[in-house]
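Okay, everyone, thanks for coming.

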Amino acid sequence: MISRLLFRILLAAPMAAATLPASARAQTEAVRVVVNADLGRDTISRHIYGHFAEHLGRGIYDGIWRKNSGGEWQIRDDVVAALRAIKIPNLRWPGGCFADRYHWRDGVGPKAKRPSIVNTLWGDVTEDNHVGTHEFIDLVQRLGTEPFIVGNVGSGTVQEMADWWEYLNFGGRSPMADLRKQNGHEAPWKVRYFGVGNESWGCGGNMTPEYYANEYRRYATFLHPHGGVLPFRVATGPNAEDYRWTEVMLRKAGRFIDGLDLHYYTVVNNWEKKGSATEFTEREWIIALQKAMRVDEVITRHSAVMDQYDPGKRIALIVGEWGMWHDSEPGTKPGFLYQQNTMRDALVASVSLDIFNRHADRVRMANIAQTVNVLQAMILTSGDTMILTPTYHVFEMYTVHHDAVLLPSVVSGGQYQYDNVSVPAVCVSASRDRSGRIHVTMSNLDPTKARAVEMDVRGARVANVSGRILRGHAMNSRHTFGKPTAVRPATFTGARVDGDRVWVELPSRAVVVLELW
Ligand code: AHR
């Protein structure tokens, strides 16, 4: 822990700074954080911490499910235990792009009779449909989470989608409810979250917003409330900065929409050559963080468009796919999107989650892509072993924000600059939980310099602080199957309360969660 005197020196530091090059001098600037503990209004929905599992690569088969000695796919207990520990609130399935190619009837009934199909988009591999609706619901029940099912608009019919909905949710006698019972499940599952297609502007059918808005209205009409379960209808939202898509959807179909599904990926270079997940320069580090932080502006702009048609904010903006998308790991099938995960990914996760929290009034769900073995995963598996990624630990540390009241916060001072790129060095969000404790999550994006943070918690009396930290010894610190615990949360002792301030020395490239009471 630093002394107050040393802290003041760090805040002032003009002499030390004078000897540094100009770019480094700017980095010694102190950071001030104001947390408005008396201005809490919006709840941070736990659904911001949602996940996504697509039939893609080794996400489902050989990821969440593993073949047992009898050749049957079985849910992995170790994966379930790890995901339960981060309290995943919802799980989006079966895609992604796969959803608009998926015909749900292929995945119900006796497994031996289920047809094998080709997963054309993801590696042209055979999908034997052994994981279907019943198996997925079994998974979400074991996880204690809510299902978020995406229906097929691109290559399916309205009738097919309406039948699936009835199969999932109708309790009485009907062709679909009877079929479900015949397939071994008497009671309806009461699925609420339902996506009407995925990326309909791209892999879901390459539609214009005008065309999709009409299709959406038609499909959504047939998601009839059953047994008191009102569907939460999720429309395909914009691709990143496509504000026109949002405008057309709200104007033409807004009254039928409950959630609009924005997709925003962080790609360091470009879609053709994204860059390595593990071998990168400091420039590629800062660019990743800069691009991840841009989602703040993207959300603000989409929200402004939504406000024109929905000033009461009835419709949620859902960030239904987000995260880092790197080149696939060398030696793996490119169509499987298997990538490693480092401290850089952890910081992209922490700043993204801070941003979603800060937009809690409009962003009420988000789903990182994807849960196991695909893109910015929580878990990587190899045979019977699994490792948790640095991103997993961020999700675990951030569980304190689930359903807590957002406390508006302001950060000033302290840029981190490299070459001609500059981002705020410190990113923050804060909340108060049901027991009255305040939690502040704080990341230092600078890979080489610690930051001195002076925090003013207004409207609350703070006497104590404790914390945990996630930090790697290098920018690309990660877990491997040989070394599975290189980046793990530890007790943080760099914060202390002094009078009406909390003083924090935030180490470089670190994510910290503080508890104040
Ligand atoms: O997450 C991988 C893919 O990215 C999804 O299938 C698709 O929706 C998006 O383009």
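So, start with Val-465. Leaving out residues up to four places away in sequence, Val-465 touches Ala-495, Arg-496, Val-497, Val-502, Leu-514, Glu-515, Leu-516 and Trp-517. When I say touch or contact, I mean heavy atoms within 4.5 Å. Val-465 sits in strand β23, residues 465-471. Look at Leu-514 on that list of partners: Val-465 and Leu-514 are 49 residues apart along the chain, yet their C-alpha atoms are separated by 6.6 Å.

Some ground rules before we go on. This is a predicted model, where local features need pLDDT of at least 70 and side-chain atom pairs count only at pLDDT 80 or more, while totals for chains, interfaces and linings use all residues. Residues are numbered from 1 along each chain as its sequence is written, and side-chain values use heavy atoms, with hydrogens and water left out.

Now the whole chain. How many helices and strands does the protein chain have? There are 13 helices and 27 strands, and those are DSSP runs numbered from the N terminus (H or I with at least four residues for helices, E with at least two for strands). The C-alpha trace spans about 80 × 50 × 40 Å along its principal axes. With 517 residues, a compact globule would have a radius of gyration near 24 Å, and this chain has 23 Å, so the two agree. That radius is taken over C-alpha atoms, and the globule rule is 2.2 Å times the number of residues to the power 0.38.

Of the 517 residues, 58% count as buried. Buried means under 20% relative accessible area, exposed means over 50%, and partly exposed is in between, using a 1.4 Å probe and protein chains only. Also, among contacts with a separation of 6 or more, 76% come from residues 24 or more positions apart.

Next, Arg-92, in strand β5. Is Arg-92 buried or exposed? It's buried, because its relative accessible area is 0%. Its contacts, again skipping residues up to four places away in sequence, include His-51, Phe-148, Asp-261, His-263 and Glu-321. Arg-92 and Ala-369 are 277 residues apart in sequence, and 9.6 Å apart C-alpha to C-alpha.

Ala-369 brings us to some backbone details. Most residues other than glycine have a negative phi, and most peptide bonds are trans. Here, the bond from Ala-369 to Gln-370 is cis, with omega near -10°. Gln-370 is in the loop between β13 (363-369) and β14 (379-382). Leu-375 is in the loop between β13 and β14 too, and its phi is near 50°, a positive value. Leu-375 has a relative accessible area of 2%, so it counts as buried.

There's a cis bond from Gly-95 to Gly-96 as well, with omega near 20°. Lys-313 has a positive phi, near 60°, and at 23% relative accessibility it counts as partly exposed.

Last stop: helix α4 (residues 77-85) and helix α5 (residues 133-143). They pack at an angle of about 50°, with axes 9 Å apart. Therefore α4 and α5 are oblique to each other. From α4, the contact uses Asp-77, Val-80, Leu-83 and Arg-84, and from α5, Leu-139, Gln-141, Arg-142 and Leu-143.

On angle terms: under 35 degrees is roughly parallel, over 145 roughly antiparallel, 65 to 115 roughly perpendicular, and the rest oblique. The axes are lines fitted to C-alpha atoms, for helices over the stretch in contact, with angles from 0 to 180 degrees between N-to-C directions.
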